[in-house]
Amino acid sequence: MTEPRPESPAWHALPADDVLRRLDSAPEGLSDAEAAARLDTGGRNVLPEAKAAPWPLVFLRQFRNPLIYVLLAACLVSFGLGAWSDALFILGVLLLDAIIGALLEWRAETSAAALKKVLRVRPTVLRGGQRREVDAADVAPGDIVLLTSGAAVPADLRLLSVHDLRIDESLLTGESAAVEKTAAPAPTAATPLAERRGMAFAGSMVLAGRGTGVVCATGGDTALGDIARGLGGDDDAPPPLLLRMQALSRRIAIATVVVVVFLAVGQFLRGAPLAEIFGMTIALAVSAIPEGLPVAITVALAVASARMARRHVIVRRLPAVEGLGSCTLIASDKTGTLTANRLTVKRLVLSSGEIFDVAGEGLDPHGGLAPVPSGEAGEGVRRLATAAALANEARLRGDNGAVEANGDSVDVALLVLAAKLGLDRDALLAAQPQDAVMPYESELGCSASLGAGIVRVKGAPERILAMCPTVDRAAAEAQVLRLAEAGYRVIAVAEGPAALQNGRLSPEDFDGLRLLGFAGLIDPVRHEVPDAIARCRAAGVEVRMITGDHPETALAIARQLNIDTPPDRVVTGGELAALSGPALDQRILEADVYARVEPGQKTMIVNVLQAHGHFVAVTGDGVNDAPALRAAHVGISMGASGTDVARAAAELIVTDDNFASIVAGIEEGRTAYANIRKIVWLLMSTAIAEVMLFSLTLLTGLPMPLTAVQILWLNLVHEGIQDVALALEARDPDVMKRPPRPPRQAIFDRQMIEQCVLTGVYIGGVSYLLFAWLAGPAGHDTFAARNLTLLFLVLFDNVHVLNCRSETRSALRIPLSGNPVLIATLIGAPALHVLAMYTPGLNDVLGLQPATAVEWLFLAALAASVLVVGEAYKALRARPLLKASRGQPVV
């Protein structure tokens with residue numbers, strides 16, 4: 001084969017045969033060697049990406065902050081006044097802060113790149129006539145791509161054949177309506193992109209139907225590549241919680257300006273030098289405004305994302321970390337999430353009523369039937385298996401004893417059944433070539449294959465029975481009910497004469513079918529799920545199951561899952577369709593299991609639950625789940641079995657398709673929110689303490705208790721380490737034993753205000769009394785008083801961080817071993833201060849001198865008193881009488 005021509009003709013206006021010829025391809029696709037050669041020549045199928053910002057630019061971006069501008073101004077003024085040591089220290093702090101910020105930004109970009117690798121698209125192509133799943137980046141011009149419902153289109157394709165193919169091209173055209181595709185060429189080369197019905201464009205999503213196309217453009221040469229080149233970046237909006245904290249910081253900044261102006265005027269009236277006033281006001285402003293709060297929250301969310309990833313939950317959008325902790329209800333798909341997605345045909349019931357049990361599990365093609373069918377029964381079993389194998393889109397391939405399967409789990413299970421009977425789908429197709437197929441779509445409820453005037457159909461029993469006019473409906477429905485009550489997923493199989501109408505197969509073409517029988521499939525419950533559901537209940541999170549199964553099957557599975565619900569709490573899609581208004585809402589709210597639910601009804605269920613106050617997480621894997629995933633507060637897609645459409649609609653992706661992983665995600669979401677509250681408590685209480693300390697010294701005519709550089713040392717060095725340590729706190733043992741927080745609950749609720757004010761006023765008051773005593777009765781000069789006051793505040797912060805480890809549990813009951821970083825900060829913060837005391841030059845800048853052993857012991861004992869205050873407050877809040885007086889649940 002020769003290389004495809006480099007120029008790009010109007011592929012959409014060319015006949016399919018001409019497109020294949022120009023691309024030097026064929027209906028059976030390229031060989032592996034040819035595809036590799038084309039990738040080497042033309043490059044991989046990846047979109048052009050904005051180049052990562054160089055490190056110097058990332059570093060300089062950290063200075064885009066009004067508070068940083070204020071500190072830079074202070075630095076310049078210090079240089080101008082000849083205070084070289086103060087200026088260099090402020091500059092050093094700014095540089096350290098910028099380096100840390102740049103490292104965090106680089107880490108975020110690295111995580112985003114890693115996420116793209118995890119969430120890769122793997123289309124199905126034909127290579128040498130064989131179906132093959134490949135990475136989208138390895139698709140080459142001339143490849144033949146097979147499109148199915150829920151798939152993302154990996155490159156620009158000229159369609160060769162279609163079957164009811166509808167594609168969402170809103171990413172390219174902005175039009176939300178699905179586009180119905182055709183294999184016919186466009187009338188002219190000038191046909192607008194939105195009207196090129198014979199093309200499927202990279203980045204678009206298949207909503208329904210099937211199609212085959214040849215790749216005519218990849219990477220930057222696609223229509224999406226043109227758009228990508230025009231984009232400057234792909235920045236996500238900050239999480240809502242981070243935006244609220246930034247807004248809070250701005251409000252505090254305004255209040256701080258008022259306080260700072262008041263203090264500055266007071267200092268000026270007392271005759272203080274302007275340089276001293278300027279340095280004090282700058283430092284106090286920085287200390288009072290929790291500038292580190294947004295950064296600390298970002299770190300906490302990033303830590304939670306990493307922890308979730310280790311527990312098989314990939315975070316696509318950071319707000320989901322915050323949201324998952326508020327979840328009050330999970331509406332979960334059954335297949336593959338609550339169950340193992342290892343469907344196996346375990347029982348056959350012929351239309352004559354004869355029952356056969358099928359041996360074997362999973363993909364093992366070995367296993368017989370009991371009793372062994374013979375005579376007419378044997379023929380009936382083979383006809384049922386043959387029809388199920390022909391009306392089938394899966395592929396089963398054995399290689400050196402290993403069995404590979406590709407396709408829907410029901411189709412795969414039916415092919416395994418055929419293999420157990422010695423039937424091979426390829427051999428059946430060779431003997432009975434297909435004239436037309438009707439792929440399975442959830443709206444149809446069945447799939448079909450037409451060959452030699454005979455149509456074979458399989459699907460939901462009620463759908464198939466409606467096409468069989470001669471069947472004894474009562475007897476057939478009784479058989480279905482018995483299978484469903486035993487926990488089987490039931491598939492009905494039928495066949496009969498049919499002819500094509502309008503050139504394609506549809507349910508209207510066959511309504512005189514003969515029922516062959518039913519296949520009962522078992523999908524075992526994941527062994528860890530019942531315990532996970534019990535943990536959800538203990539955490540106040542309801543679990544509702546949504547399935548397309550028969551209601552009796554759904555009820556049997558629910559009971560295996562410990563969703564112990566009575567039959568009247570199982571509602572079907574048909575029941576919901578017959579209701580409206582308050583009656584509909586009430587039925588949705590009281591149900592635990594939703595069976596035979598249509599895709600549109602799933603979104604309706606989510607909307608009703610949300611309207612009645614639930615914070616809803618929804619799981620899904622199919623293209624028809626995408627609307628419900630978008631409607632939910634948190635959409636959760638399956639990583640292994642999920643379609644590209646579902647993954648694109650979701651905020652979280654569960655890589656192992658396991659419900660227990662979702663529960664782990666809730667646990668980590670709650671932990672992240674709890675850690676953010678801990679950080680807020682630490683930073684806000686210390687800010688209150690420092691403002692109170694300065695205000696009291698001014699009102700009582702004392703000298704300023706700390707210099708500008710001392711405040712910077714305390715806030716940006718010591719507290720900047722401790723808040724990161726709190727972001728790394730392990731989850732509380734009872735985090736899944738508490739009810740979810742109300743979704744609208746503010747971080748600054750009554751408890752947060754109480755604990756911040758209480759500890760902040762205590763620390764500020766004690767610090768003031770210490771400074772007043774040191775500068776007065778104790779006879780220390782201002783330098784020595786400031787030195788000991790600063791040491792006291794460093795020790796105070798070191799103890800107070802232990803208070804902040806939990807808002808409810810005693811600090812004495814939380815093992816330090818749970819947070820090694822915190823241990824390092826508890827040792828490192830005082831050690832750093834001691835090092836500064838004994839470092840020539842630095843001790844002059846910070847106004848430090850070594851303290852005596854007696855002073856250390858005295859100040860340490862005084863600092864430890866804040867632990868007593870925190871413990872007393874927690875004990876008081878835990879008292880039943882106090883809880884009841886505040887309207888909180890006593891138990």
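Let's start at Gly613, which adopts a positive phi of about 95 degrees just after helix H21. The model you are looking at is a predicted one. Stepping back into the helix itself, H21 covers residues 599-611, 13 residues in all. From first C-alpha to last it reaches 19 Å, close to the 18 Å expected at 1.5 Å a residue. Its buried residues are Gln601, Lys602, Thr603, Ile605, Val606, Val608, Leu609 and Gln610.

Now turn to helix H18, residues 551-560. Within H18, the buried residues are Thr553, Ala554, Leu555, Ala556, Ile557 and Ala558. Their cover includes helix H16 (473-485) together with strands E18 (489-497), E20 (542-546), E21 (570-572) and E22 (593-595).

Our last stop is a pair of helices, H26 (residues 750-775) and H27 (residues 782-803). Their axes lie 9 Å apart and meet at an angle of about 155 degrees. Because angles over 145 degrees count as roughly antiparallel, H26 is roughly antiparallel to H27. The crossing of H26 past H27 is right-handed. On the H26 side, the contact is made by Thr759, Tyr762, Ile763, Val766, Ser767, Leu770, Phe771, Leu774 and Ala775. H27 answers with Ala785, Arg786, Leu788, Thr789, Phe792, Leu793, Phe796 and His800.

Note on methods. Residues numbered from 1 in each chain as written. Predicted model: local features only at pLDDT ≥ 70, side-chain atom pairs only at ≥ 80, totals over all residues. Heavy atoms only, no water. Helix = DSSP H or I, 4+ residues; strand = E, 2+ residues; numbered from the N terminus. Expected span 1.5 Å × (residues − 1). Buried < 20%, exposed > 50% of the residue type's maximum accessible area, 1.4 Å probe, protein only. Axes fitted to C-alpha atoms, helices over the stretch in contact; angles between N-to-C directions. Parallel < 35°, antiparallel > 145°, perpendicular 65-115°, else oblique. Left-handed = near helix turned anticlockwise from the far one by under 90°. Contact = heavy atoms within 4.5 Å.
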